[in-house]
Amino acid sequence: MLAVVSDGAGGLALVERPVPRPGPGEVVIKVAGAGVNRPDVLQSRGVYPPPPGAPDILGLEVAGEVVDAGDGGGQLIGQKVCALVAGGGYAQYCAAPAGICLPIPKGVSAIEAAAMPETLFTVWVNLFERGFAADGDWVLVHGGTSGIGTMAISLGRLFGLKVIVTCGTDEKCARALELGAESAINYRTQDFVEEVHRITGRGGVNVVIDMVGGDYVPRNLACLAEEGRHVSIAVQRGASAEIQIFDIMRRRLTLTGSTLRPRSVEFKTMVADEIAKAVWPYVEGGRLRPVIDSVFPLAEAAAAHARMEAGEHVGKIVLEVRHQALERGAND
């Protein structure tokens, strides 16, 4: 099969690899689409190595048809599924734990299905399980037009949350409002702390989902209402921050966070079960769809990464994976 890996110099290479063989509890998916995520870009630069046991092939989410299975996964052969994986998605075939596969409903394309697992799992775990978001809560999400941001807006709309997002341009703010955000703040021209308090009537938000880190953390805490929860999911502006501990004590704030990729298959299977029960009916009913920014052929994965690094995308970037011979050299 053909697959995409880091070339060791910050770029990507299209290579030939053996088709993976499924282990116990695994399936092999003939990939039709693979989502592009920021960890893929970081891995291609050599700053985010895959966890132990994961392939060096990039890609954390796929959609396609199950064509092989190990012990315990045979019932899925022939089914169209999407799956969260620890690596291996940028390829014509990908192994995945059977328990983390979700069925692709009728009317949902492989490209749409490939754009959901990573952001859906991430938002579900961090917004609802760690952030304890509940009907009527105010939520602040940075990166409002990213894949994570657009999924948070969509889930917030479905579960009765009032989602405030930050974006880097007025155009992106307008797009976030179109997608269902309660409010959108241009962080380049507005003070998001002051805007959050204005929007919430000085009450603050109940949950912050933060992928920025660094000097954003104390500002995020200033946005929180009493008993508020701050959930860190990335550290794009730095992994350390100075905060006022007494303020956390006085307002009874909670600071938490998580990383998804290194978690166990058992944990991810549990999350998949929760999503299948609580969220997937909205996908089946046509009420939840990912926002697709752009689609690139597998051989143009480098262009997809460039699109993400430019920061101009709204929603998800997806690779389309075909099974005829692919043109080489497109990632040079």
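**Figure 1. Strand β5 and its two antiparallel neighbours.** Strand β4 (residues 61-69) pairs with β5 in the antiparallel sense over five bridges; two strands count as paired if DSSP finds at least two bridges between them. Helices (H or I, at least four residues) and strands (E, at least two) are DSSP runs, numbered from the N terminus. Across from Glu65 you will find its bridge partner in β5, Lys80. Strand β7 (residues 101-103) also runs antiparallel to β5, joined by three bridges, and here Val81 stands opposite Pro103. Strand β5 (residues 80-84) has four of its five residues buried, so it is largely enclosed by the rest of the structure. Buried means under 20% relative accessible area, exposed means over 50%, and partly exposed is in between (1.4 Å probe, protein chains only).

A note on what you are looking at: this is a predicted model, in which local features need pLDDT of at least 70 and side-chain atom pairs count only at pLDDT 80 or more, while totals for chains, interfaces and linings use all residues. Residues are numbered from 1 along each chain as its sequence is written, and side-chain values use heavy atoms, leaving out hydrogens and water.

**Figure 2. Two cysteines without a disulfide.** The structure holds zero disulfides, a disulfide being a pair of cysteine sulfur atoms within 2.5 Å. The closest cysteine sulfur to that of Cys82 belongs to Cys101, and at 8.1 Å it is too far for a bond. Cys82 counts as buried, with 1% relative accessibility, and Cys101 counts as buried with 12%.

**Figure 3. An open sheet with parallel pairing.** Six strands line up in the order β10-β9-β8-β11-β12-β13. The edge strands, β10 (183-186) and β13 (254-257), each pair on one side only. From one strand to the next, the twist averages 20 degrees. Strand β9 (residues 162-167) pairs with β10 over four bridges, and Val165 stands opposite Ala184 in β10.

**Figure 4. Helices α3 and α9 meet.** Helix α3 (residues 117-130) packs against helix α9 (residues 265-278) at an angle of about 85 degrees, with the axes 10 Å apart. Axes are lines fitted to C-alpha atoms, for helices over the stretch in contact, and angles run from 0 to 180 degrees between N-to-C directions. The two helices are therefore roughly perpendicular, the term for angles of 65 to 115 degrees.

Methods. Parallel < 35°, antiparallel > 145°, perpendicular 65-115°, else oblique.
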